[in-house]
Amino acid sequence: MKKLLIIAIALFTLNGMAQGERRGKDKQQNMRALLKDMSPTDVANLKSKKLTLALDLDAKQQKQVHTIILEEATQNQNIRKEREAKQTENSRPTKSEIIEFQNKRLDKKIELKRKMKTILTAEQYVKFDKINSRKDKMRTKRRNKRKVW
């Protein structure tokens, strides 16, 4: 009887763990779908408000940050549309295209940091850099997790 009870408990706990991971993936997919459908102005509004709260920006800084993020969001939307158009052809990008894309992405990142450095104070920039580095670490962690499967 004890063995049967132990087996039943083990099955329930394993089942609960397996379902818990799936729920997280569903949330992630829902968020991706929502972000995909958002306009660049909506994305810029949300991001600039989050940065305003995190960095305690004044009105002038908030407007400047909003314009920078709006530019970034429109560029990202154009890149996403181009990528979707290429994916419909079922062709994978070549190695040179991947390298070119990564170089462009890094150049944009450097440019964004330079612009933000001119707008923000030293303390705010340190916080901004800390926030971005934390996000980058989480992205690489998720990316590495996906590669395992």
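Biologist: In which helix is the place of Thr52?

Modeller: Helices (H or I, at least four residues) are DSSP runs, numbered from the N terminus. Thr52 lies in helix H2. Please note that this is a predicted model, in which local features need pLDDT of at least 70, side-chain atom pairs count only at pLDDT 80 or more, and totals for chains, interfaces and linings use all residues. Residues are numbered from 1 along each chain as its sequence is written, and side-chain values use heavy atoms, with hydrogens and water left out.

Biologist: What is the mean pLDDT of the protein chain?

Modeller: pLDDT is the predictor's confidence in each residue, from 0 to 100. The chain has a mean of 81. Confidence is lowest in helix H1 (residues 2-37), with a mean of 68, and highest in H4, with 91.

Biologist: Does Thr52 count as buried or exposed?

Modeller: Buried means under 20% relative accessible area, exposed over 50%, and partly exposed in between (1.4 Å probe, protein chains only). Thr52 counts as buried because its relative accessibility is 15%. Gln124, in helix H5, is also buried, at 9%.

Biologist: Which residues is Leu57 in contact with, leaving aside its neighbours within four places in sequence?

Modeller: Contact means heavy atoms within 4.5 Å. With those neighbours left aside, Leu57 is in contact with Leu51, Thr52, Gln62, Val65, Leu120 and Gln124. On the same terms, Gln124 contacts Leu55, Asp56, Leu57 and Gln61.

Technical notes:
Helix = DSSP H or I, 4+ residues; strand = E, 2+ residues; numbered from the N terminus.
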